[in-house]
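Subject: Structure for your review

Dear colleague,

Please find below the structure that I would like to hand over to you. My notes on what was found in it follow directly after.

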Amino acid sequence: MNVQPDLDFIKDMKSAGGDTLKKCYQCATCSVVCPLSSDGDPFPRKEMIMAQWGLKDKLIGDPNVMLCHQCGDCTAYCPRGAKPGDVLGAIRAYTYKALGWPTGLAKLASSGKNLPILILIPMIIIGIFWKISGSHVPTVEEFARNGYGHFFGHWNFYWLSKNVFFIDIIMLPAAGLAAFAAFKGVTALWQKMSENAGVGDATFRPSAIQFITQFLFPAMVEIVQHNRFKECNANEDRVKGHLPLLLSFVALFIVTAYSAFTQDVLSLLPGINLHGPISMWNPIKILANVGAIALIVGIGILWANRSQKEQEGQATKTFYDWFLIWEIMAVGVTGLLAELLRLVGLPSLGYIVYFLHLVSVMMLFMYMPYTKFAHIVYRTAAMAFEKYRQSAFVKDPLEG
Amino acid sequence: METPSIGDLISAVEGESNITIKVSTEVARISGSPGNFTVTLKEAGSKTEWDAPDKVTVDEQELIDKGEKEDPNDGLQKYTEDNPDGEKYGAVVLATGWIPADVSQYEHLGHGKLKNVVTNAEFEKLAKEGKVPGNVAFIQSPGAAENDNDFPYCNSVTSMVALKQAKYVREDNADGKAFIIYQHMRTPGNTELFYKGIQDDDGIFLTKGTVSGVEENGTGLTVKADDTLLGESLELNVDMVVLAAGMVPTTLDNPTINLAYRQGPEFMDLDLFDGYADSHFICFPYETRRTGVYASGGVRKAETMEETIDDATGAALKAIQCIESANRGVAVHPRSGDQTFPEFFFSRCTQCKRCTEECPFGALDDDAKGTPLPNPTRCRRCGTCMGACPERIIGFKDYSIDLIGSMVKCIEVPDDDEDKLRILAFVCENDAYPALDMSGMHRNKMNKLVRFIPVRCLGSMNMVWIKDALSSGMDGAILLGCKYGDDYQCHFVKGSEIASRRMENIGETLSTLGLEPERVAVRQIAISDYNKIPDIMNEFVEEIIEMGPNPFKGF
């Protein structure tokens with residue numbers, strides 16, 4: 001291997017939470033404690049020296065980097081304070097940025113000093129559309145009757161409600177962009193992982209159905225079960241936060257899917273009026289509320305854990321980690337608060353909070369492929385890849 | 001990084017009125033003995049009649065006398081001659097340092113063949129003259145097939161030098177890159193902090209690795225290394241390659257000290273010490289095998305400035321101790337304060353030269369006839385001469401052939417009884433005897449047929465004591481002494497080695513008398529081996545019991 005260290009990459013690592021990376025002296029204590037490490041592949045010892053040597057191409061396509069869920073054991077046992085866990089986090093942050101598309105947005109979303117811009121973009125977009133829709137501010141009675149259903153105004157014909165129409169034209173492109181960027185990124189990652197793992201042109205490729213049933217679905221089951229978190233020692237409390245958070249995302253996804261179905265599909269049929277707000281005793285509403293509380297509790301636990309780790313010096317404070325925590329907390333708090341304000345009946349304040357809720361949700365969608373939230377797709381892809389790599393499609397079962 | 005302090009130190013020494021400095025000067029010869037050395041100085045590189053003569057063996061001298069061989073010392077004063085114009089000194093500190101090693105023998109690294117492959121010393125010169133290139137590989141070990149060794153004469157210094165020079169690359173170049181490929185990164189003690197600091201630099205890349213070769217690559221060089229920490233073989237394109245050449249002590253190829261001693265102008269058995277002048281790094285630091293001559297700095301080991309300063313202090317203190325002891329007429333070390341010295345009954349000397357040959361410290365010169373000329377202040381009182389003398393004419397006031405002989409004769413020998421044998425052990429009092437003592441304190445059991453006599457050093461073992469023991473009916477004799485060889489532990493360097501050679505000789509004598517040579521044995525014991533002593537002794541006793549009693553018993 002002809003080696004050309006990339007000094008900028010090292011600088012990048014150091015600024016993204018991997019400032020301790022150069023301290024590693026390759027004792028491999030981390031590899032001894034890490035469940036991902038194998039005899040032939042000392043992880044994360046090798047990744048540490050690759051990062052020290054600025055070998056970014058090797059690192060970007062390293063499935064183990066994505067499979068690491070930062071249990072913190074390596075950092076806890078590191079005799080040199082090199083914090084391998086944080087370095088791996090920084091490598092992931094760099095990977096999301098490097099694979100991100102469009103590049104400008106990916107770069108923008110990766111640095112803490114851009115935070116005001118990151119918040120302003122959705123604020124301006126949503127603000128403009130609110131203005132266009134007629135700058136609607138309800139009376140107390142209207143608010144009690146319609147809730148936030150007329151945030152973007154109202155029109156009287158059977159089709160999408162004006163509100164849903166506006167939310168769709170804001171959120172669907174944002175989510176679409178994110179989905180496309182994530183797809184592009186995951187494809188690129190898959191290709192790099194295949195190259196690094198020496199998966200050449202396989203004679204047999206799995207069909208889409210085989211791929212989903214044999215690799216993707218088992219990976220998702222594993223994610224929901226949180227088995228890997230249970231192998232942690234130093235950071236085992238994190239599962240108490242991550243599990244409710246993940247389940248709340250599932251719940252809220254169901255709620256959103258239901259809403260989309262009722263608002264965007266059923267509403268198109270004549271004679272059906274399913275406009276909100278939904279009754280508090282509707283099972284979907286109960287699921288939504290439970291989900292919201294689980295989300296706040298889950299992210300709250302992760303927030304507390306991370307603060308404590310940072311105080312103990314077991315983790316480095318980075319924008320990469322905190323941005324996601326803040327973002328999710330903002331979504332949860334503004335969502336729940338908006339609902340409470342609706343029930344209490346404070347229209348102006350409610351509208352402001354609802355506006356912020358839309359802003360935070362849009363941020364969550366739009367920046368997903370470039371921020372820590374990207375792990376939802378990249379890590380799933382890596383886990384599927386891990387299963388693929390060990391399957392008979394790649395490995396000759398006769399030769400092991 | 002700090003600026004080197006050597007300039008300040010030199011001017012401090014120059015400003016000291018009690019210190020005389022002579023530059024461009026070499027030692028032609030040092031004659032005499034501690035407390036009274038006569039040193040002849042000469043201009044560096046010149047030849048004088050007072051240059052120290054090479055050692056000429058008895059056989060060589062015979063050939064020279066017959067005119068069949070050229071005298072290598074032709075035109076030189078005899079070694080026993082004292083230069084009347086020489087200067088008097090009490091003790092000598094040898095601090096002639098080191099020279100950069102020649103690394104062109106490692107052909108795959110291309111030093112001397114490829115442009116821009118330099119040694120660390122040459123790179124330092126470049127750095128002092130101006131800027132260094134921006135992309136440099138530092139090779140710490142010659143590598144090649146399965147070679148895990150560093151360059152010879154490296155110690156920890158070249159690790160530190162590479163780290164420092166890597167910093168030059170970074171300081172002189174905005175985007176400089178320095179690669180260090182090592183087998184061992186040695187940064188002992190506080191220097192670990194320096195290593196940590198250098199490691200933290202973004203542009204310094206370290207890996208363990210085996211360098212397989214350096215090749216030309218357009219205008220630059222390509223370094224290839226296997227078995228790296230990155231898990232695969234590496235190729236590095238660099239502007240310059242720096243080899244961590246070691247620091248060869250000046251004493252390796254050159255006597256340097258130029259002693260006018262019978263045993264020759266250089267230190268003895270330098271191959272035991274890789275050419276370093278120091279005789280035993282752990283037990284007797286700074287002491288060479290010539291009493292009154294102390295080593296410090298690069299002639300002792302490859303070391304840093306800091307260590308050299310420690311060394312100089314140690315060697316100077318030893319030198320002061322030497323002069324004080326010589327002044328009071330007592331032994332310097334290791335038997336500090338011993339007031340006796342070997343006395344010779346010269347009228348019975350046969351000029352066999354065994355004592356002059358075997359003295360580990362070159363204390364004995366000889367006169368024209370070959371009679372020993374003792375130099376009491378060079379002597380360390382080990383008694384090797386006493387053990388060597390076949391005429392038994394050498395002895396100390398408190399340690400003599402007769403004294404030990406009487407001890408042997410005092411031991412009761414069970415008379416002609418198959419069950420009760422008697423085995424005698426001569427034990428070195430420096431390591432083996434304390435070990436025996438400790439074994440007793442640990443309540444280790446041992447065969448009660450053994451009797452012990454402590455000796456000053458196994459080197460002082462005279463064969464006559466063995467003969468005394470066996471002729472008085474004892475059934476076996478064992479010698480317990482220190483380890484010898486390149487990891488020797490003998491206080492007097494050669495004692496136990498000489499003793500075991502003598503015992504091989506006595507074995508032959510015994511077999512001509514019809515006795516088994518195995519009745520006499522030598523065992524090596526370290527002071528920490530006390531728990532092994534009972535086994536060693538019991539095993540030997542078993543062997544003797546198997547052989548049966550001494551056939552001369554009772555005569």
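I begin with Pro102(A), which is placed in the loop between helix H7 (84–99) and helix H8 (103–108) of chain A; helices (H or I, at least four residues) and strands (E, at least two) are DSSP runs, numbered from the N terminus. The peptide bond that joins Trp101(A) to Pro102(A) is cis, with omega at about -5°.

The model is predicted, so local features need pLDDT of at least 70 and side-chain atom pairs count only at pLDDT 80 or more, while totals for chains, interfaces and linings use all residues. Residues are numbered from 1 along each chain as its sequence is written, chains are lettered from A and ligands numbered from 1 in the order in which they are written, and side-chain values use heavy atoms, with hydrogens and water left out.

Backbone geometry

A cis peptide bond is also found from His333(B) to Pro334(B), where omega is near 0°. Pro334(B) belongs to the loop between helix H6 (305–328) and strand E16 (343–344) of chain B.

Ser135(A) is not a glycine, and its phi is positive, near 45°. This residue lies in the loop between helix H9 (115–132) and helix H10 (140–146) of chain A. Ser135(A) has a relative accessible area of 25% and is partly exposed (buried means under 20% relative accessible area, exposed over 50%, partly exposed in between, with a 1.4 Å probe and protein chains only). In chain B, Tyr153(B) likewise has a positive phi, about 60°, without being a glycine; Tyr153(B) is found in the loop between E7 and H4 of chain B.

Sheets

In chain B, three strands make an open sheet in the order E1-E2-E3, with antiparallel pairing (two strands pair if DSSP finds at least two bridges between them). Strand E1 (25–33) and strand E3 (87–89) of chain B are at the edges with a single partner strand each, so one side of each has no neighbour in the sheet. Neighbouring strands of this sheet are turned by 35° against each other on average, direction ignored; axes are lines fitted to C-alpha atoms, for helices over the stretch in contact, and angles run from 0 to 180 degrees between N-to-C directions. E1(B) is joined by eight bridges to strand E2 (residues 36–43) of chain B, and Ser31(B) has Thr38(B) as its bridge partner in E2(B).

Another open sheet, of four strands, involves both chains: its order is E1(A)-E12(B)-E11(B)-E10(B), and its pairing is mixed. Its edges are strand E1 (2–3) of chain A and strand E10 (210–217) of chain B, each with a single partner strand, so one side of each is left without a neighbour in the sheet. Seven bridges pair E10(B) with strand E11 (residues 220–226) of chain B in the antiparallel sense, and Thr210(B) stands opposite Asp226(B) in E11(B).

Helices and burial

Helix H3 (residues 120–129) of chain B has the buried residues Asn120(B), Phe123(B), Glu124(B) and Ala127(B). Seen down the axis of H3(B), these fall within an arc of 105°, so they line one face of the helix; the arc is that of the directions from the helix axis to the C-beta atoms. The face turned away from the buried side of H3(B) carries the exposed residues Lys125(B), Lys128(B) and Glu129(B). The buried residues of H3(B) pack against strand E6 (117–119), strand E7 (135–139), helix H4 (157–172) and strand E13 (240–243) of chain B (contact means heavy atoms within 4.5 Å).

In helix H3 (residues 45–52) of chain A, eight of the eight residues are buried, so the helix is largely enclosed by the rest of the structure. H3(A) is followed by Gly54(A), whose phi is positive, near 65°.

Aromatic rings

Over all chains there are 39 aromatic pairs; rings of Phe, Tyr and Trp (its six-membered ring) pair if their centres lie within 6.5 Å, and planes under 30 degrees apart count as stacked, over 60 as edge-to-face and the rest as tilted. One of them is the edge-to-face pair of Phe151(A) and Phe152(A), at 4.9 Å centre to centre and 85° between the planes. Both Phe151(A) and Phe152(A) are buried.

Yours sincerely
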